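Q: I'm new to this one, so please pick a single part and take me through it slowly. Show me how it is put together and what sits against it.

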Amino acid sequence: MSRLILLLLSLPLLAGCLAALEPAPAIDVVSRSFSESMRWKDFSAAAKYVHSDSRDAFLAQFTVDDDLHVVDSRIDYLNIEQEDAVTVTYKLEYYRLPSGSIKKWGWEQQWQLLEEKGKADMWLIMNEPPALPWKR
């Protein structure tokens, strides 16, 4: 009987250990989430996919801008170079008032699967975005 009680008491601990062993989501899922955040101009959510070394540069370019209107945000191409390194071709179509003409901007992203002991694996963009054409 005491073994059963001990087993029942240890189940939450075992469940917590198993959750930490879950693999990172697939790169296509993660990059699509980044793209959707950009589509809805949720730049703070998109910044969570950018490595901390490049995050400030990303946020310096992508800030709240009522004149910027996103028409399309998509992943055009995934090039899996290694199991933990992927190059993603990202495209953003937009217009910025007062202009109504649609423009295109691209970013060849270097994604890396980061593994930290005791933390869940995660895919992050390692490189900074190129300069934006609409920044004043």
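A: Let's start with pairing: two strands pair if DSSP finds at least two bridges between them. Helices (H or I, at least four residues) and strands (E, at least two) are DSSP runs, numbered from the N terminus. What you see is a predicted model, where local features need pLDDT of at least 70 and side-chain atom pairs count only at pLDDT 80 or more, while totals for chains, interfaces and linings use all residues. Residues are numbered from 1 along each chain as its sequence is written, and side-chain values use heavy atoms, with hydrogens and water left out.

The protein has four helices and four strands, and from the N terminus they come in the order α-α-α-α-β-β-β-β. The part to look at is the sheet. Its four strands form an open sheet in the order 1-2-3-4, paired antiparallel. Strand 1 (68–82) and strand 4 (122–125) are the edges, each pairing on one side only. From one strand to the next, the twist averages 25 degrees.

Strand 2 (residues 85–96) and strand 3 (residues 103–114) run antiparallel, joined by 10 bridges. Pick T87 and look across to strand 3: its bridge partner there is Q110.

So what lies on the sheet? Helix 2 (residues 27–39) lies across strand 1, strand 2, strand 3 and strand 4, and it runs at about 165 degrees to strand 1. S35 counts as buried because its relative accessibility is 4%; buried means under 20% relative accessible area, exposed over 50%, and partly exposed in between, with a 1.4 Å probe and protein chains only. Leaving out residues up to four places away in sequence, S35 touches S73, R74, I75 and Y90, where contact means heavy atoms within 4.5 Å.

Along with helix 2 and helix 3 (43–47), strand 3 is included in what covers the buried residues of helix 4. Those buried residues of helix 4 (residues 52–61) are S54, F58 and Q61. They sit on the same side of helix 4 because they cover an arc of only 60 degrees around the axis, the arc being that of the directions from the helix axis to the C-beta atoms. On the face turned away from that buried side, helix 4 carries the exposed residues D56 and A60.

Conventions:
Axes are lines fitted to C-alpha atoms, for helices over the stretch in contact, and angles run from 0 to 180 degrees between N-to-C directions.
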